[in-house]
Structures are given as C-alpha cells and as structure tokens.
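Good morning, colleagues. Please look at the sequence and the structure on the screen while I walk through the main features.

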Amino acid sequence: MARAPEVTHKIMSAVKSKNTRPELALRRVLWARGLRYRVNVKSLKGKPDVVFTRAKIVVFCDGDFWHGHNWAIRGLVSLEEELEGYTPFWREKILGNIRRDKEHTARLVDDGWNVIRIWESDIKADVSKCADIVEDAYRNTILK
C-alpha cells in the first residue's frame, strides 16, 4: 500500500543533512585521536562534513539512501534493482545526488584536495575502522 504524499513529505523533511549521528560518531573518534578539523565549510563544493584545511583533506559521510548505497545494505544485486521500486521522482533524486557527488569530488580533486567518502552504514558498523582511514590519510599527508 502506497503512503500518502503528505506523510512521505513529513518523514523526508525530518531527515537531517548535517550533524547526523554517523557524522557525529566519526567526528568524536577523530577528535579523541587528537585530529583537529573544521565542519561544514560552505566555501568548498559539496559542503564536506569534516575538513582538514592544512592537509587539504575533506571527508563526506554519505547517507546510504540519499547517495545510492541502499541496495548494498539491503542485499540487492545493484543500484538499478533498488531503483526499480522507486517512483520516478525518487529515482531521479538519487541518481542526481550520485551525479552531483561525482562532480563535487572531481572538482575538489582538481583543486588539490584529497576526498574521502564514507558510507553511513560503514560508520555504524565500525566507526574506528572509518576513523583509521581518515587518520591514515591525514598522517600520510602531514608527514610528507
């Protein structure tokens, strides 16, 4: 049974775009490890969640649903299989987000930034492992 559009709108309007639980969890671990960063730097394309300005590293904590990874955590074969059940609006919304993510990543890389994208499900599964990825990139850049 389909949900009323008003209900869907109310649910989706409540979804946070910054300071999400996975993002806060990753930031807490990074801070505890002594890594100092900036958050939500609006001047950078894509508005990264964590920014190490000196090391020129940006970190995005990408939500599985919004950025097209939901299929993997649901055990489906592909993104296309996931999108088959979506309305045209949501299908285009997710595909548009994926395109935009690629464009922002390419632009940041062209500007000399190291871009790290971490799925929310990976943070929830093992935040320490995700922090290791970020810390390794930071230490390798700073120690050069």
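Predicted model: local features only at pLDDT ≥ 70, side-chain atom pairs only at ≥ 80, totals over all residues.

Let me begin with a definition: helices (H or I, at least four residues) and strands (E, at least two) are DSSP runs, numbered from the N terminus. Residues are numbered from 1 along each chain as its sequence is written, and side-chain values use heavy atoms, with hydrogens and water left out.

By that definition, the protein has seven helices and four strands. Their order from the N terminus is α-α-β-β-β-α-α-α-β-α-α. Burial is the next term: a residue is buried under 20% relative accessible area, exposed over 50%, and partly exposed in between, with a 1.4 Å probe and protein chains only. Of the 144 residues of the protein, 38% are buried. Contact means heavy atoms within 4.5 Å. Of the contacts with a separation of 6 or more, 55% join residues 24 or more positions apart.

I turn now to a pair of helices. Two packed helices are described by the angle between their axes and the distance between the axes. Axes are lines fitted to C-alpha atoms, for helices over the stretch in contact, and angles run from 0 to 180 degrees between N-to-C directions. Helix α2, residues 21-32, packs against helix α7, residues 127-142, at an angle of about 60 degrees, and their axes are 9 Å apart. The two helices are therefore oblique to each other; angles under 35 degrees count as roughly parallel, over 145 as roughly antiparallel, 65 to 115 as roughly perpendicular and the rest as oblique. Which residues make the contact? On α2 they are A25, L26, V29 and L30, and on α7 they are V127, C130, A131 and V134.

This brings us to the interior. A nonpolar core is a set of buried Ala, Val, Leu, Ile, Met, Phe, Trp, Tyr and Cys residues joined through side-chain atoms within 4.5 Å. The largest such core has 18 residues, of which L26, L30, F52, I57, V59 and I118 touch the most other members. Two or more residues come from each of α2, β2 (50-52), β3 (57-62), β4 (114-119) and α7. Helix α7 gives the most, with five residues. Apart from this core lies another, of eight residues, among them V41, L44, W113 and V115. Leaving aside residues up to four places away in sequence, L30 touches L35, Y37, V50, F52, A131 and V134.

Is I98, in contrast, buried or exposed? I98 is buried, with a relative accessible area of 17%, and is found in helix α5, residues 88-110. With residues up to four places away in sequence not counted, I98 touches H67, G68 and L79. I98 and H67 are 31 residues apart in sequence, yet 5.7 Å apart in space, C-alpha to C-alpha.

Finally, consider the loops. Most residues other than glycine have a negative phi. K47, in the loop between β1 and β2, has a positive phi, near 50 degrees, and is exposed, at 54% relative accessible area. K56, in the loop between β2 and β3, also has a positive phi, near 55 degrees, and counts as partly exposed at 31% relative accessibility.
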